[in-house]
2 protein chains.
Amino acid sequence: MDPHYVAGFIDGEGAFCVSIGKHKTLKRGLEVRPEFTIEVRADDRDVLERICVTIGCGAIYDAAYDRYGWYPHVKYKISNKYDLCTYLFPFLDACPLQAKKKDVYKMFKEIVLLARDKKHLTDAGFNRIVELREKMRALGKKARTHKL
Amino acid sequence: MDPHYVAGFIDGEGAFCVSIGKHKTLKRGLEVRPEFTIEVRADDRDVLERICVTIGCGAIYDAAYDRYGWYPHVKYKISNKYDLCTYLFPFLDACPLQAKKKDVYKMFKEIVLLARDKKHLTDAGFNRIVELREKMRALGKKARTHKL
């Protein structure tokens with residue numbers, strides 16, 4: 001698959017997300033969980049499998065939305081920091097995103113690199129991660145006033 | 001802009017739509033209105049302008065969704081049959097879509113070519129257009145049971 005095609009598809013359908021969780025056994029008690037996903041209707045699974053091969057890592061999961069009466073979906077996901085740093089980041093640095101999602105990607109990458117280097121265990125690093133995540137969320141919102 | 005990037009973006013965000021309208025002055029009283037659109041949040045207008053230049057035709061419109069509390073959006077649109085045949089179709093035939101939207105595109109193209117050749121004024125042509133449009137709609141639906 002042409003890597004520029006993949007970049008275009010990600011600008012349309014990809015999502016960069018970071019959650020911060022509590023973790024009993026970690027030093028600071030906090031864990032940074034990054035996640036890159038692309039979700040499509042299940043009958044488009046083939047395109048995700050080919051994107052997975054083109055990027056070189058990740059996995060595909062089923063996502064059921066019976067409660068909404070929607071068709072089943074499938075989700076391509078990379079959440080492992082090593083995979084993000086080794087496969088996804090070099091890929092997107094070579095075939096850059098073109099829409100405002102490129103700014104979300106930039107912040108996502110900074111967060112992952114900070115977390116990989118254990119900077120989230122310092123006050124400065126943790127505050128920076130929270131600040132970047134707020135900015136990421138503002139850029140991704142459809143609505144001004146409330147979550148959809 | 002890399003044309004494969006544009007194809008990937010269209011697979012994610014593009015929409016092919018055909019409406020059939022009544023038209024007082026036409027022979028059969030029916031008009032086939034095809035429309036290709038890409039809609040994004042207004043702060044991503046730049047990417048649509050670059051796609052517009054890359055494809056070589058079309059126009060960009062503002063779309064307000066104040067009633068939903070959403071951010072303003074912008075829409076790139078090609079609805080002229082000549083522009084579709086001269087610019088969009090050769091573009092997408094050279095840089096093909098990869099997701100199931102490629103099947104929607106195929107039907108959309110057949111409808112536009114039929115309409116361009118005035119085949120919608122014959123019973124056979126008109127029935128074929130209606131049949132293709134039903135198939136296009138089924139592929140585009142998120143929900144099994146109702147429109148969203």
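Student: Quick one to start: is A:Lys118 buried or exposed?

Tutor: A:Lys118 is exposed, because 12 other C-beta atoms lie within 10 Å, and the convention behind that label is that a residue is buried with 20 or more other C-beta atoms within 10 Å of its own, exposed with 12 or fewer, and partly exposed in between, the C-beta atoms being placed from the backbone. Please keep in mind that this is a predicted model, in which local features need pLDDT of at least 70, side-chain atom pairs count only at pLDDT 80 or more, and totals for chains, interfaces and linings use all residues. Residues are numbered from 1 along each chain as its sequence is written, while chains are lettered from A and ligands numbered from 1 in the order in which they are written.

Student: And where does A:Lys118 sit?

Tutor: A:Lys118 is in the loop between helix 4 (101-116) and helix 5 (123-140) of chain A, where helices (H or I, at least four residues) and strands (E, at least two) are DSSP runs numbered from the N terminus. Its phi is near 65 degrees, a positive value in a residue other than glycine.

Student: What about phi of B:Lys118?

Tutor: B:Lys118 also has a positive phi, of about 65 degrees, although it is not a glycine, and it lies in the loop between helix 4 (101-116) and helix 5 (123-140) of chain B.

Student: How many residues does the contact take from each chain?

Tutor: There are 27 residues from chain A and 27 residues from chain B, with contact meaning that the C-beta atoms of two residues, placed from the backbone, lie within 7 Å. On the chain A side, helix 1 (3-13) and helix 2 (45-55) each supply at least two residues, and helix 1 gives the largest share, 9 residues. That side divides into 11 nonpolar, 7 polar and 9 charged residues, where Ala, Val, Leu, Ile, Met, Phe, Trp, Tyr, Cys and Pro count as nonpolar, Asp, Glu, Lys and Arg as charged, and the others, Gly among them, as polar.

Student: Is helix 1 of chain A enclosed or open?

Tutor: It is largely enclosed by the rest of the structure, because 10 of its 11 residues are buried, including A:His4, A:Tyr5 and A:Phe9. These buried residues pack against strand 1 (14-22), strand 2 (30-41), helix 2, helix 3 (81-94) and helix 4 of chain A, together with helix 1 (3-13) of chain B.

Student: Which residues have the most contacts inside the largest nonpolar core?

Tutor: They are A:Val6, A:Ile51, B:Val6 and B:Ile51, in a core of 62 residues; such a core is a set of buried Ala, Val, Leu, Ile, Met, Phe, Trp, Tyr and Cys residues joined through C-beta atoms within 7 Å. Not counting residues up to four places away in sequence, A:Val6 touches A:Met1, A:Ile51, A:Thr54, A:Ile55, A:Cys95 and B:Gly8.

Student: Changing topic, what is the overall pattern of chain A?

Tutor: Along the sequence chain A follows α-β-β-α-β-β-α-α-α, which comes to 5 helices and 4 strands. Its C-alpha atoms fill a box of roughly 45 × 35 × 35 Å along the principal axes, and 29% of its 148 residues count as buried.

Student: What about A:Lys102, and which residues does it touch?

Tutor: A:Lys102 lies in helix 4 of chain A, and it counts as partly exposed because it has 14 C-beta neighbours inside 10 Å. It touches A:Pro96 and A:Leu97, leaving aside residues up to four places away in sequence, and its C-alpha is 7.8 Å from that of A:Asp11, although the two are 91 residues apart in sequence.
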